Amino acid sequence: MGFEPPQRLARTLGETYGDAAAAEWLAKLPGLADEALGDASLDTERVMAPGGRSSLVVLVRRSDGSPAALKIAPPFTRPDLERDALAHWNGWGAVQLLDEAGEGALVLERLHPEVSLRSLPEAKALLEAAGTVRKLWVDPPAAHGFETVARRTARQAEAMEPYRVDPAAGELTAAALAAREELVAADTETVLLHGNFRQGKVLAGDRTPWLAVGPEPLVGERAYDLARLVRDRVEDLVAASSGASAARRRVNKLADSLDLDRERLRRWTLFRAVESGTRALTAGRRQDAELLLEFASWL
């Protein structure tokens, strides 16, 4: 299967995991794709572009002619954990896992990749998102290997530390790190979380109208999982004169709709926005960083 990896995949893997690790895996990707297609007896239709940020997605046909999607991810993104989460949800609120096709390769139910919740008006999108994520919040399987919210955010907090003295981001970084310390100290929930839930991670399906994809699963409190959704369409919020008040209303509305504590959701939203903003600064994406940090300042 000859192809060039989508540019977004190459860029994001390099920024997140380092150029050397990304380049090494991307060089192997055509061979991995051929192997996975053969192992699962799949026929290629097309590679999705721009596709995912941490995996290659290929639209395929199974041996019986039914449509499916082949997802191939590098080992350092832990595709085994995505597999375990999808198997545990078993199609409830999330895309159905159909088969495995070798290391890091999953055969998934075919959804409509061009149609996500971002195609809906904002109010309707948030309503559907809340209904979808609620289904995912279940008890994790026994003897699971999922990371905890405390552990994942501890790594992120360590990477944020240098920005405490940054002239532009220092105050927000300190506030976000303090919020995280208080939150993990009082976190008593241990439900299975999507880990990267937002409107773009919910796609239209045939079996049911909307299904979540691309989990980065972990266990912990529900407010953490909802915090990324709060800042969806951040560019529209920042461009609006009422952006600050709209962001705060969104926190309250989402918290109330899912019976969560407003203040805990606000503080997790602050932490996750500043973490993404400082990561964007590190990667040289200054415009993205400015949007995220302005949003965080409203909270």
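Two strands pair if DSSP finds at least two bridges between them. Strands here are DSSP runs (E, at least two residues), numbered from the N terminus. The model is predicted, so local features need pLDDT of at least 70, side-chain atom pairs count only at pLDDT 80 or more, and totals for chains, interfaces and linings use all residues. Residues are numbered from 1 along each chain as its sequence is written, and side-chain values use heavy atoms, with hydrogens and water left out.

Buried means under 20% relative accessible area, exposed over 50%, and partly exposed in between (1.4 Å probe, protein chains only).

| Partner strand | Sense | Bridges |
|---|---|---|
| Strand 3 (residues 67-72) | antiparallel | 5 bridges |
| Strand 4 (residues 97-100) | antiparallel | 3 bridges |

Leu-106 in strand 5 stands opposite Lys-71, while Leu-108 in strand 5 is the bridge partner of Leu-97. Strand 4 and strand 5 form a hairpin with 4 residues between them. In the turn, Gly-102 has a positive phi of about 100°.

**Leu-218**

Leu-218 is found in strand 11, residues 218-220. Its relative accessible area is 0%, so Leu-218 is buried. Contact means heavy atoms within 4.5 Å. Leaving out residues up to four places away in sequence, Leu-218 touches several residues, including Phe-146, Val-149, Arg-152, Leu-192 and Tyr-224. Ser-242 is 24 residues apart from Leu-218 along the chain, and their C-alpha atoms are separated by 34 Å.
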